[in-house]
Amino acid sequence: MSRLRAPSRRSTRTSRTALAVSAVLVGGLALSACSGEGDKSTSGSGTNFVAGADRIDTVPLEDRTAAPKLDGETLQGGKFDVASLKGKVVVLNIWGSWCPPCRAEAPTFAKVSKELKAKGVEFVGIDTRDDQKALAVQFEKDAGIEYPSLYDPDGKLMLRFPKGSLNPQAIPSTLVIDKNGKVAARSLAALSETKLRKMIDPVLAEK
């Protein structure tokens, strides 16, 4: 009869250390993601965006890169692909029902989305790190949001953006995608109506 060997002190110590490091990393992300510290723009090598004084990053038309494929299941259970909106200006808002700045800006997004829809602007949300879909659905109902939101509890959709691009690095983050499916602007902070329209209007005016 074989006997199970007890784990060595060394392996136990290593496992505990790995768990501690993981906890610190996860905790740090949660802290920086939904706070005022998440709005600092960072650029990697080869980036061509301009960081504005109002913390809105923009990219000249000729330097833009295509947004990654963003598709999946919505909070309501349907299938949705952001690529289906090509030809329109798309405002992509990454949010979570657990995030106070997201709750603060949500009614503004609901209002502006309704006002600009007839002008060819479509809003799409990405609900991330919400373990309970019901809370996210209630969040949208309370804010009056009628546009679709992809359900992304593990944050995998955010990882589809290549490093060094105008990728979402905080929650909330907002991206404006031009009519050709390319990322034109980004904010890493909650937005007022004035700043949101400041991101959208120049892209909407493009031919």
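Predicted model: local features only at pLDDT ≥ 70, side-chain atom pairs only at ≥ 80, totals over all residues.

**Core and helix faces**

I then listed the buried residues of H4, which are Leu196, Met199, Ile200, Val203 and Leu204. Seen down the axis of H4, these fall within an arc of 120°, so they line one face of the helix. I looked up what this face packs against, and found strand E2 (56-58), E5, H2, E6, E8 and E9.

I checked the length of H4 as well: its twelve residues, at 1.5 Å a residue, should span 16 Å, and the end C-alpha atoms are 16 Å apart, which agrees.

Next I turned to the largest nonpolar core, which holds 49 residues, and noted that Leu92, Val121, Phe123, Leu196 and Ile200 touch the most other members. Among the elements that each supply at least two residues of this core are strand E5 (89-95), strand E6 (121-128), helix H3 (133-143) and helix H4 (193-204). For Leu92, leaving aside neighbours within four places in sequence, I recorded contacts with Leu70, Val124, Ile126, Phe161, Ser173, Thr174 and Leu175.

Last I looked at H3, in which Ala136, Phe139, Glu140 and Ala143 are buried. Viewed down the axis of H3, its buried residues fall within an arc of 90°, so they line one face of the helix, while Ala134, Lys141 and Asp142 are exposed on the other side. I found the buried residues of H3 packed against E5, H2, E6 and strand E7 (149-152). Just after H3, I noted that Gly144 takes a positive phi of about 80°.

Notes:
Residues numbered from 1 in each chain as written. Heavy atoms only, no water. Core = buried A, V, L, I, M, F, W, Y, C linked by side-chain atoms within 4.5 Å. Buried < 20%, exposed > 50% of the residue type's maximum accessible area, 1.4 Å probe, protein only. Helix = DSSP H or I, 4+ residues; strand = E, 2+ residues; numbered from the N terminus. Contact = heavy atoms within 4.5 Å. Arc of directions from axis to C-beta. Expected span 1.5 Å × (residues − 1).
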